[in-house]
Amino acid sequence: MLHSIDLNSDLGEGYGAWTMGDDAAMLDIVSSANVACGFHAGDPAGILATLRQAARRGVAVGAHVSYPDRVGFGRRAMQIDPDDLAADVIYQIGALQGMARAAGTRVGYVKPHGALYNTIASDLRQGDAVIAAIRAVDPSLILMGLAGAPILSRAREAGLATVAEAFADRAYTAQGTLVPRGQAGAVLRDPGTIAARMVRLATEGLVQAVDGSTLRLAADSICVHGDSPGAVRMARELRAALVAAGIGVASFTGPAPNRMPGGGSAAG
């Protein structure tokens, strides 16, 4: 049984007058925020606002890097030359690092988004490009990836620290992959069911697959998608259920600073 586990959400995904999710409410619940870097969602002003709110609350920040796919919200698979993909990831991490510093916090990890996340789970060519990009920017950054996926062991072999992630609001196949969003039952919506599933994961290391079989899954972090309907209620009930089961909620990076030396403060 785990003594504590990280709870994360994908945030900073609004664009101009268009908002997605309730970042302020989620930041009162989660311990880590995967902040969009502009390639699948997010605009500079919105990203900066989310980073400032994360800094005020001491929530850890990760770069939520993506394919260049605003129209598809980063959820369309793309065949990209590895050198181009590495450059894209370097660009996104660097941009978020600068904005995080201005907001009074720092980027502690990298979580690929959507189709990129799912592709690199097993695609060595694209996975190696993402690993190389992280190492080129800052090899102390942690890579967050799908629990049980080959990308995690490959990243560790390359010298990166990793965090294994489970998804509260997504169904699993018997092979331990996520059920594709286009299939019925892929996205879970009942807060009570979600909370019970994740408490079992944290206490027993088990989760039920879509076919009724039981998967053994070792995870250090649990994600609630910020754009899911009822995301705030899901996250709130999940956190309460974890705490009731004696499991603390804490980031794997430790508390985020509320001020960076020589940088901006969390105020503003």
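The protein chain has eight helices and 10 strands. Its radius of gyration is 17 Å, close to the 18 Å that the globule rule gives for 268 residues, so the chain is as compact as a globular protein of that length. The model is predicted.

**Overall dimensions and burial**

- The C-alpha trace of the protein chain spans about 50 × 40 × 35 Å along its principal axes.
- Of the 268 residues in the protein chain, 55% count as buried.
- Taking contacts in the protein chain between residues at least 6 apart in sequence, 73% join residues that are at least 24 apart.

**Geometry of helices α2 and α3**

- Two packed helices are described by the angle between their axes and by the distance between those axes.
- Helix α2 covers residues 44–57 and helix α3 covers residues 82–103.
- The two helices pack at an angle of about 50 degrees, and their axes are 9 Å apart.
- The crossing of α2 and α3 is right-handed.

**Residues where α2 meets α3**

- On the α2 side, the contact is made by Pro44, Ile47, Leu48, Leu51, Arg52 and Ala55.
- On the α3 side, these residues meet Leu96, Met99, Ala100, Ala102 and Ala103.
- By class, the contact of α2 with α3 has 10 nonpolar residues, one charged residue and no polar residues.

How values were computed. Residues are numbered from 1 along each chain as its sequence is written. This is a predicted model: local features need pLDDT of at least 70, side-chain atom pairs count only at pLDDT 80 or more; totals for chains, interfaces and linings use all residues. Side-chain values use heavy atoms; hydrogens and water are left out. Axes are lines fitted to C-alpha atoms, for helices over the stretch in contact, and angles run from 0 to 180 degrees between N-to-C directions. Helices (H or I, at least four residues) and strands (E, at least two) are DSSP runs, numbered from the N terminus. A crossing is left-handed if the near helix is turned anticlockwise from the far one by less than a right angle, and right-handed if clockwise. Contact means heavy atoms within 4.5 Å. Ala, Val, Leu, Ile, Met, Phe, Trp, Tyr, Cys and Pro count as nonpolar, Asp, Glu, Lys and Arg as charged, and the others, Gly among them, as polar. The radius of gyration is taken over C-alpha atoms; the globule rule is 2.2 Å times the number of residues to the power 0.38. Buried means under 20% relative accessible area, exposed over 50%, partly exposed in between (1.4 Å probe, protein chains only).
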